[in-house]
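Here are some notes for a first look at this structure. Please keep the model open while you read them.

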Amino acid sequence: MEKLTLFNTLTRKKEEFNPIEDGIAKVYCCGPTVYNFAHIGNLRSYFFEDILKRVLLYNGYKVEHVMNITDVGHLVSDDDEGEDKMEKGSAREGKTVWEIANFYTEAFKKDIALLNIIPPTIYCKATDNIFEQIDLIICLEKKGFTYVTGDGVYYDTSKFPDYGKLARLDIEGLEEGKRIEFSSDKKNKTDFALWKFSPKNEKRQMEWESPWGKGFPGWHIECSAMSRKYLGDTFDIHCGGVDHIPIHHTNEIAQTEGCTGKKSVNYWLHGEFLIEEKGKMSKSSGEFLRLQTLIDKGYSPLDYRYFLLMTHYRKKIKFSFENLDSARNGYNNLKTRLAELKSLTLNTDTINILNTETYLNKFIDCINDDLNAGEGLALTWELLKDNELNPTEKLFLTNLFDKIFGLNLDKVEAAKKDVTIPADITKLAEKRKEAKRNKDFKLADELRKEIKEKGYEVVDEKDGKFSIKIIRL
Ligand SMILES: [Zn+2]
């Protein structure tokens, strides 16, 4: 297999990817909290993970891809405070939390499909894995990582020696700030809830019995429990947005490694934000852009995919409709170019390995350099302008590269416009026909070459007839 390098947040370095099992890549990605529609900033994370998956597949790996659906326990604040997002969605819409979860899970899957994102091998819901989460908390309790307060079971982060290594957190600095901004029964600022008790005088829609009392799991525990269940104690790649680094993923490491005593994940990959002029795009402001908003404004979901493709996943993207317009133009130009090429393709054209090899090598170098698909897209434009390649070779390469881009380029239809052959070309072809009739094959051959140099090809048919095709624009 070709060398593939990925930027590992754990080491802050690009590292060569070496899977635990030969030929198999085990990937876990944090999925959506299904209390509302995904905004286009959320979708960028799933797009980046899709590029990762496509690059692994392109390299010949079998990909076991697991994504969770958070349908309980994610509180409005990452500090275990505030309402449960699901209950909030339920109150907002006057539906049960279960209805809310089903509705927004389906909406999410629809968005994913519209963006041509390959769905995960397994979608797993937090509420389907309560037992596994309780089991993991019991394991942590046995090993002395937990304590119980008035409102739940907490993880004592001071007991986990490497706590914060992923985010390179300044724990002492955080502790100093604790007295001012933080008051609760937590022992350390970074401690977090593994299990929250249901409020005394209130019946929650989602609650379960546990060894510590009725309640619901904290948000972080589901990912540790489900990644372990489906991919094992140690697996290859864990993905998410950069906002997951300081809390969610840091806590996942503490939970899984606290229980198993083994390294949980070899490569941590994080995608950057999509930002509006005002800052990070989020749902908290109320108004937010979702994929349907773009569709309502006349954009196709793949215009947005092309837009995302242009920027490397570790760079921020500033979203504006102006930028989306130029991406749409780029995508349309690409499709037009391919439609023209398809109308020029000759049956007689063959693919010359030497011609295409250079581009194939350059392409894999781009995508295997920490998923630089944007550079792969620039390379595609370069090959389309290369006169050394015939239309069949150009289409072959572009369709192959689209396995990464996911832009449905193979579905582009040939341009239907009538092509007129200039009179001087027809005259040369007639002269060639005459030469052939006189058995002057040397002259006939020279004329064929001359015609070809001008970008046309004479195709001999039965009974001395011929047709002329354009091979170059
Ligand atoms: Zn997660």
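1. Start with G23. This residue sits in the loop that joins β2 (13–16) to β3. The model is a predicted one. Is G23 buried, exposed or in between? Its relative accessible area is 24%, so G23 counts as partly exposed, since buried would mean under 20% and exposed over 50%.

2. Next, look at what surrounds G23. Leaving aside residues up to four places away in sequence, G23 touches M1, G60, Y61 and K62. N59 is 36 residues from G23 in sequence. In space, their C-alpha atoms are 9.3 Å apart.

3. Now the sheet. Five strands build an open sheet, and their order is β5-β4-β3-β10-β11. The pairing is parallel. Which strands stand at the edges? They are β5 (122–125) and β11 (265–271). Each has a single partner strand, so one side of each has no neighbour in the sheet. On average, neighbouring strands are turned by 20° against each other, with direction ignored.

4. β10 (residues 235–241) pairs with β11 in the parallel sense, over six bridges. F235 has V265 in β11 as its bridge partner.

5. Check the zinc site. Which residues coordinate the zinc ion? The donors are C30 through SG, C223 through SG and H248 through NE2. The distances are 2.0 to 2.2 Å. Along the sequence, the donor residues follow the spacing C-x192-C-x24-H. C223 belongs to helix α6 (residues 219–231) and H248 to helix α7. These two are 25 residues apart, and the pair links distant parts of the chain.

6. Are C223 and H248 buried or exposed? C223 has 0% relative accessibility, so it counts as buried. H248 has 2% and therefore counts as buried too.

7. Helix α7 also packs against another helix. Helix α4 (residues 130–142) and helix α7 (residues 245–260) meet at an angle of about 65°, and their axes are 9 Å apart. The crossing of α4 past α7 is left-handed. From α4, the contact involves L136, C139 and L140. From α7, it involves A254, Q255, G258 and C259. By class, five of the contact residues are nonpolar and two are polar, with no charged residues.

Note on methods
Residues are numbered from 1 along each chain as its sequence is written. This is a predicted model: local features need pLDDT of at least 70, side-chain atom pairs count only at pLDDT 80 or more; totals for chains, interfaces and linings use all residues. Side-chain values use heavy atoms; hydrogens and water are left out. Axes are lines fitted to C-alpha atoms, for helices over the stretch in contact, and angles run from 0 to 180 degrees between N-to-C directions. Helices (H or I, at least four residues) and strands (E, at least two) are DSSP runs, numbered from the N terminus. A crossing is left-handed if the near helix is turned anticlockwise from the far one by less than a right angle, and right-handed if clockwise. Contact means heavy atoms within 4.5 Å. Ala, Val, Leu, Ile, Met, Phe, Trp, Tyr, Cys and Pro count as nonpolar, Asp, Glu, Lys and Arg as charged, and the others, Gly among them, as polar. Two strands pair if DSSP finds at least two bridges between them. Buried means under 20% relative accessible area, exposed over 50%, partly exposed in between (1.4 Å probe, protein chains only). Donors are N, O and S atoms within 2.8 Å of the metal (3.2 Å for Na, K and Ca); water is not among the atoms, so sites may look incomplete.
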